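Welcome to this short tour of a protein model. Take a look at the sequence and the 3D view, then follow the notes below.

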Amino acid sequence: MKIIDLNSIGLSEQFREEAKIYNGLHLGRISSQAKDLYRVITEAGELTAEVSGKFRHQVRVPADYPVVGDFVMVDRADNCNGNGIIHHVLARKSCFARKAAGSNELQVVAANIDQVFICMALNNDFNPRRLERYLSIAWDSGATPVVVLTK
């Protein structure tokens with residue numbers, strides 16, 4: 001079995017300390033999401049997981065569900081016995097979000113990110129006001145924006 005160093009994918013002491021309160025669960029990070037299924041990277045590898053029924057009933061708003069980048073607590077570290085179950089999402093240090101299409105609800109796109117790259121072409125479609133909006137969203141997320149202008 002290959003051991004994965006979670007520090008190399010952003011695990012900090014803050015997350016490690018918070019994870020200690022959940023005895024019997026394993027720490028992992030969400031790497032992708034497809035509808036209600038998540039790919040979670042743990043120290044033992046990558047597994048498929050879903051949220052627990054209790055978690056689903058305790059969620060107040062859709063933004064509380066796990067997203068790519070979240071550190072979560074799962075009931076297993078590998079896929080040997082089927083899908084893992086996500087029981088808790090650890091506190092986010094940053095949250096890249098927008099309003100969901102057609103509603104006023106917040107849609108979280110990614111969590112726990114350090115930098116946001118904003119790429120824009122300097123052609124006829126370049127719009128300084130759009131760049132300002134993107135910069136505002138990036139700063140509001142808690143991440144540092146990096147502007148990349150292309151030809």
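Sorted by class, the residues lining the largest pocket are 12 nonpolar, 2 polar and 4 charged. Keep in mind as you explore that this is a predicted model.

**The largest pocket**

- The volume of the largest pocket is about 280 Å³.
- Its lining is made up of 18 residues, and Q33, P62, Y65, V67 and V108 are the ones that lie nearest the centre of the pocket.
- Strand β7 gives the largest share of this lining, with 4 residues.

- Around it are 14 lining residues, of which L6, L25, H26, L27 and E43 lie nearest the centre.
- Two elements, α1 (13–19) and β1, each give two or more residues to the lining of this second largest pocket.
- By class, 9 of its lining residues are nonpolar, 2 are polar and 3 are charged.

**The nonpolar cores**

- Which residues form the largest nonpolar core? There are 12 of them: I30, Y38, V40, L47, A49, V51, F55, V59, V72, V74, I86 and V89.
- At least two residues of this core come from each of the strands β2 (37–42), β3 (45–51), β4 (71–74) and β5 (84–89).
- The largest share, 3 residues, is supplied by β3.
- Leaving aside residues up to four places away in sequence, V51 touches Y38, R56, Y65, P66, I85 and I86.
- There is also a second, separate core of 10 residues, and F15, Y22, M73 and L90 are among them.

**Two residues with positive phi**

- K35 is not a glycine, yet its phi is positive, near 55°.
- You can find K35 in the loop between β1 (26–34) and β2.
- Is K35 buried or exposed? Its relative accessibility is 76%, so K35 counts as exposed.
- N112 also has a positive phi, about 60°, although it is not a glycine.
- The loop that holds N112 runs between β7 (106–111) and β8 (115–121).
- N112 counts as buried because its relative accessibility is 5%, and the cut-off for buried is under 20%.

**Cysteines**

- How many disulfides does the structure hold? The number is 0.
- C95 has a relative accessible area of 25%, so it is partly exposed.
- C119 reaches 56% relative accessibility and therefore counts as exposed.

**A residue in helix α3**

- Where is D140 placed? This residue sits in helix α3, which covers residues 128–141.
- With a relative accessible area of 64%, D140 is exposed, since the cut-off for exposed is over 50%.
- D140 and S94 are 46 residues apart in sequence, and their C-alpha atoms are 8.8 Å apart in space.

Definitions and conventions. Residues numbered from 1 in each chain as written. Predicted model: local features only at pLDDT ≥ 70, side-chain atom pairs only at ≥ 80, totals over all residues. Heavy atoms only, no water. Core = buried A, V, L, I, M, F, W, Y, C linked by side-chain atoms within 4.5 Å. Buried < 20%, exposed > 50% of the residue type's maximum accessible area, 1.4 Å probe, protein only. Contact = heavy atoms within 4.5 Å. 1 Å grid on protein atoms, 1.4 Å probe; cavity = no way out; pocket = protein on both sides within 12 Å on 5 of 7 lines; lining within 4 Å. Points joined across faces, edges and corners; volume = space filled by probe spheres on them. Nonpolar A, V, L, I, M, F, W, Y, C, P; charged D, E, K, R; others polar. Disulfide = S-S within 2.5 Å.
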